[in-house]
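User: I'd like to learn how to read a structure like this one. Could you walk me through it, giving the general idea before each case?

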Amino acid sequence: MNGYFEQLKTAWLGRDVRFLQETESTNRDCDVAAAAGVTEGLVICAETQTAGRGRLGRTWFSPQHVNLYFSILLRPAVDPVAATTLPLVVGLAVAETLMESFPALAPKIKWPNDIWIQGRKVCGILCEMQLTGERVGAVVAGVGINVNLTRALFPEELRASATALQQEVGHTVERGVLLASIMNHLEPLYCAWQQQGFAPLAERIQRVDALRGQPLRMHLVGNPVEGLGAGIQADGALLIRLSDRTLQAIYSGEAQTIRMLD
Ligand code: BTN
């Protein structure tokens, strides 16, 4: 990937990197590496995926040579509950990279693990945890970013809800440079998160919270919840203000904006 090693400033993250032409899923490849005992910091990046994994059992659209599909092998020294905030940490690294690289863009984090630009999804994050007994053995953080995908190449069903960086900034983007920059942002964020927890980062996430003030609907088992997005709590939960003015903390699920549904 052009420019990757020239731009990489990390001590350990992404130094061991494997660039593949084609794979089933980079998350799967990282799972295998994790099970084989590879140390944290490995990044596996592919030009295309034949079965890219999305959240909630979906597949991730992975056409070749235009986007970024990569997975990072991490072994955080935190408990499994604390590890559930990692997608927001990775999301913050992506959002801060985009803000620095393209100051005119206003990327937002859509809790718990998407990045939006102008209400359209540009990046999805899928973190998968491997437990060793009751402890975190590894977390594979998979990131898919629509980079140089032109509008015509988007499948019909994604055209209204997804975008790509090229469409937003008006020129093609060097993927290797972008990947290195994400590593440069993530390494210090990840170290701070491991040492001090999520709470100090929550403030930075609040500034780019796509859901704040938005009418939301959450599909919780047997109990759909509607209200207004009211920020991200210090433990990573999404806060929703209900019609009776009380706050409900949501720890998992997918928030849909009512505007998106209608
Ligand atoms: C989502 O559903 O929004 C999450 C999508 C995550 C896709 C990325 S692409 C690279 C990595 N490998 C996978 O199989 N999935 C993730």
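Analyst: Happy to. Let's start with burial: a residue is buried under 20% relative accessible area, exposed over 50%, and partly exposed in between, using a 1.4 Å probe and protein chains only. G124 has a relative accessibility of 10%, so it counts as buried. Before going on, note that this is a predicted model, where local features need pLDDT of at least 70, side-chain atom pairs count only at pLDDT 80 or more, and totals for chains, interfaces and linings use all residues. Residues are numbered from 1 along each chain as its sequence is written, and side-chain values use heavy atoms, with hydrogens and water left out.

User: Where does G124 lie, and with which residues is it in contact, leaving aside its neighbours within four places in sequence?

Analyst: Helices (H or I, at least four residues) and strands (E, at least two) are DSSP runs, numbered from the N terminus. G124 lies in strand β6, residues 120-132. Contact means heavy atoms within 4.5 Å. Beyond those sequence neighbours, G124 touches W60, N113, D114, G142, V143 and G144.

User: Is V225 buried or exposed?

Analyst: V225 is buried, at 4% relative accessible area, and belongs to strand β9, residues 223-232. Setting aside neighbours within four places in sequence, its contacts are L216, R217, M218, L220, I240, L242 and Q248. F198 is 27 residues from V225 along the chain, and their C-alpha atoms are separated by 25 Å.

User: How many residues has the largest nonpolar core?

Analyst: In soluble globular proteins, nonpolar side chains tend to be buried together. A nonpolar core is a set of buried Ala, Val, Leu, Ile, Met, Phe, Trp, Tyr and Cys residues joined through side-chain atoms within 4.5 Å. Here the largest has 61 residues, and those with the most contacts inside it are F70, I72, I145, L165, L178, M183 and L238. Apart from that core lies another, of nine residues, including A34, V38, L42 and I44.

User: At what angle do α4 and α6 pack?

Analyst: Axes are lines fitted to C-alpha atoms, for helices over the stretch in contact, and angles run from 0 to 180 degrees between N-to-C directions. Helix α4 (residues 86-101) meets helix α6 (residues 175-196) at about 135 degrees, with the axes 8 Å apart. Angles under 35 degrees count as roughly parallel, over 145 as roughly antiparallel, 65 to 115 as roughly perpendicular and the rest as oblique, so α4 is oblique to α6.
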